Amino acid sequence: MLKYKNYIAMVDFDDEADIFHGEVINMSDVITFQGRTTEELRSAFRESIDDYLIFCSETNRQPIKPFSGKMLIRTSPDHHRKIAEAAAKAHMSVNQWAEQALSNAAQYDV
């Protein structure tokens, strides 16, 4: 995972092409980059973000900002009650409990 100016990218390696390729994952626009070495990859990532921001500026377009971290989730009243009970049993708020559950499901540390 690479980070630059609050943008986050995931990277894969293509063994057949012998190249790293990455994509920014925390925004809805598509930004990709590639490099043969880790140095090339990091540089290409930064250049892609900078180019995107310059393009937005030159075209008077607001750049898509990285995700805010706010989510609205709709569920049934029964499921909501069960979530609130699980959170209370864990001595957490519903938001804390949901953050932990979602982080565990997404395999990220909070």
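**Exercise 1.** Determine whether I25 counts as buried, partly exposed or exposed, and find the surface patch to which I25 belongs.

*Solution.* Begin with the classes: buried means under 20% relative accessible area, exposed means over 50%, and partly exposed lies in between, with a 1.4 Å probe and protein chains only as cover. The relative accessibility of I25 is 39%, so this residue counts as partly exposed. Next, place I25 in the chain, where it lies in the loop between β3 and β4 (32-35); helices (H or I, at least four residues) and strands (E, at least two) are DSSP runs, numbered from the N terminus. Finally, look at the surroundings of I25: together with M1 and M10 it forms a nonpolar patch on the surface, and the three have about 280 Å² of accessible area together. Patches are made of residues with over 30% relative accessible area and no salt bridge, like charges being joined within 9 Å and nonpolar side chains (Val, Leu, Ile, Met, Phe, Trp, Tyr) within 5 Å, and the areas come from the Shrake-Rupley method with a 1.4 Å probe.

Before going on, note that this is a predicted model, in which local features need pLDDT of at least 70 and side-chain atom pairs count only at pLDDT 80 or more, while totals for chains, interfaces and linings use all residues. Residues are numbered from 1 along each chain as its sequence is written, and side-chain values use heavy atoms, with hydrogens and water left out.

**Exercise 2.** Describe how strand β2 pairs with β1 and with β3.

*Solution.* Two strands pair if DSSP finds at least two bridges between them. Strand β1 (residues 2-4) runs antiparallel to strand β2 (residues 7-14), and 3 bridges join them; L2, for instance, has A9 in β2 as its bridge partner. These two strands form a hairpin with 2 residues between them, and K5 in the turn has a positive phi of about 50°.

**Exercise 3.** Work out how D78, R81, K82 and E85 are connected.

*Solution.* First take D78 and K82, whose salt bridge has its closest N and O atoms 3.3 Å apart; being 4 residues apart in helix α2 (residues 77-89), they are separated by about one helical turn. Then take E85 and R81, where the corresponding distance is 3.0 Å, and which are likewise 4 residues apart in helix α2 and separated by about one helical turn. Salt bridges that share partners join D78, R81, K82 and E85 into one network.

Technical notes. A salt bridge is a side-chain nitrogen of Lys or Arg within 4 Å of a carboxyl oxygen of Asp or Glu.
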